[in-house]
Amino acid sequence: MIFAATEKKRTNKALGRFPLFFSLFSLLLALFLLLPNPSYAITKAALLSKLFGCLELDVVPQATVLLPSDVKQDHSFSNIIRSAVKYGMISPNEAFSPDAAVTKSEALYLALCSMGWRFEAGLSQKIGGLQEFAGSGDPILFMAAEMVPQAPAVLLSGGNDALSDENVKALLAWVSLCRRSVVWNRVFSYEGTDLILYRQGGGT
């Protein structure tokens, strides 16, 4: 009888702690959901939409262009993506991955394309990827670092890292500066020969 009473007392004591544990768990869960997540990754299509707004580009919902094969007609950002194809920012012949998280390198590339620098960004990627010029790191990050104004320092390292909310703000602030004035001058030198790439101003 004494043993049974002791066990009952222990059980009641344990049950008495349950509401407290549950309350603490609920509080921690609420704080986790409310606090900003620095590793949050914006989708590619959502970032493109923000770039359209930053550059004050017109959306052309009735543009008669093909969408990339991985973008559905009823996608929530289909009009933005269709407009980007019309402006030559993205190619309908390449996968766009609208719902994928965006890395810093991809975000900078998309920003350059949105500013009308798709040709220069693509050329920098191709040349920077050649064996003769290997060792400079990510060609897009390297290009963004050479531009005037220079891309924010938080975007120039960890090119494969997902974009955070703070990164998005920094990117859009830089794009706004580039709207006023932007210059890029890159010299590729190899065995006594220089290839000079120069671009000034934006425009789609």
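This is a predicted model: local features need pLDDT of at least 70, side-chain atom pairs count only at pLDDT 80 or more; totals for chains, interfaces and linings use all residues.
## The overall layout

Let's start with the big picture. The protein chain has 204 residues, and 37% of them count as buried. Its secondary structure comes to seven helices and two strands.

## Two helices side by side

Now look at helix α2 (residues 44-55) and helix α7 (residues 165-180). They pack at an angle of about 35°, and their axes are 10 Å apart. The crossing of α2 past α7 is right-handed.

Which residues make this contact? From α2 come Leu47, Lys50, Leu51, Cys54 and Leu55, while α7 supplies Val168, Leu171, Leu172, Val175, Ser176 and Arg179. Sorted by type, the residues of this contact are eight nonpolar, one polar and two charged.

## The largest pocket

Next, find the largest pocket, which holds about 240 Å³ of space. Its lining is made of 14 residues, and those nearest the centre are Lys44, Ile90, Glu94, Ala95 and Tyr109. Two elements give two or more residues to the lining: α4 (104-114) and α5 (118-128). The largest share, five residues, comes from α4.

What kinds of residues line the pocket? The lining divides into seven nonpolar, three polar and four charged residues.

Most residues other than glycine have a negative phi, and most peptide bonds are trans.

Against that background, Glu56 stands out: this residue is not a glycine, yet its phi is positive, at about 55°. You can find Glu56 in the loop between α2 and α3 (78-86). Is Glu56 buried or exposed? Its relative accessible area is 59%, so Glu56 is exposed, the cut-off being over 50%.

Ser97 is another residue other than glycine with a positive phi, near 50°. Its place is the loop between α3 and α4. With a relative accessible area of 34%, Ser97 counts as partly exposed, because this value lies between the 20% and 50% cut-offs.

Finally, turn to the peptide bond that joins Val148 and Pro149. This bond is cis, with omega about 5°. Pro149 sits in the loop between α6 (139-146) and α7, and α7 is also the helix that packs with α2.

Definitions and conventions:
Residues are numbered from 1 along each chain as its sequence is written. Side-chain values use heavy atoms; hydrogens and water are left out. Axes are lines fitted to C-alpha atoms, for helices over the stretch in contact, and angles run from 0 to 180 degrees between N-to-C directions. Helices (H or I, at least four residues) and strands (E, at least two) are DSSP runs, numbered from the N terminus. A crossing is left-handed if the near helix is turned anticlockwise from the far one by less than a right angle, and right-handed if clockwise. Contact means heavy atoms within 4.5 Å. Ala, Val, Leu, Ile, Met, Phe, Trp, Tyr, Cys and Pro count as nonpolar, Asp, Glu, Lys and Arg as charged, and the others, Gly among them, as polar. On a 1 Å grid over the protein atoms alone, a cavity is a set of points where a 1.4 Å probe fits but cannot get out, and a pocket is an open set with protein on both sides within 12 Å along at least five of seven lines; lining residues have an atom within 4 Å of a point. Grid points are joined across faces, edges and corners, and a volume is the space filled by probe spheres set on the points. Buried means under 20% relative accessible area, exposed over 50%, partly exposed in between (1.4 Å probe, protein chains only).
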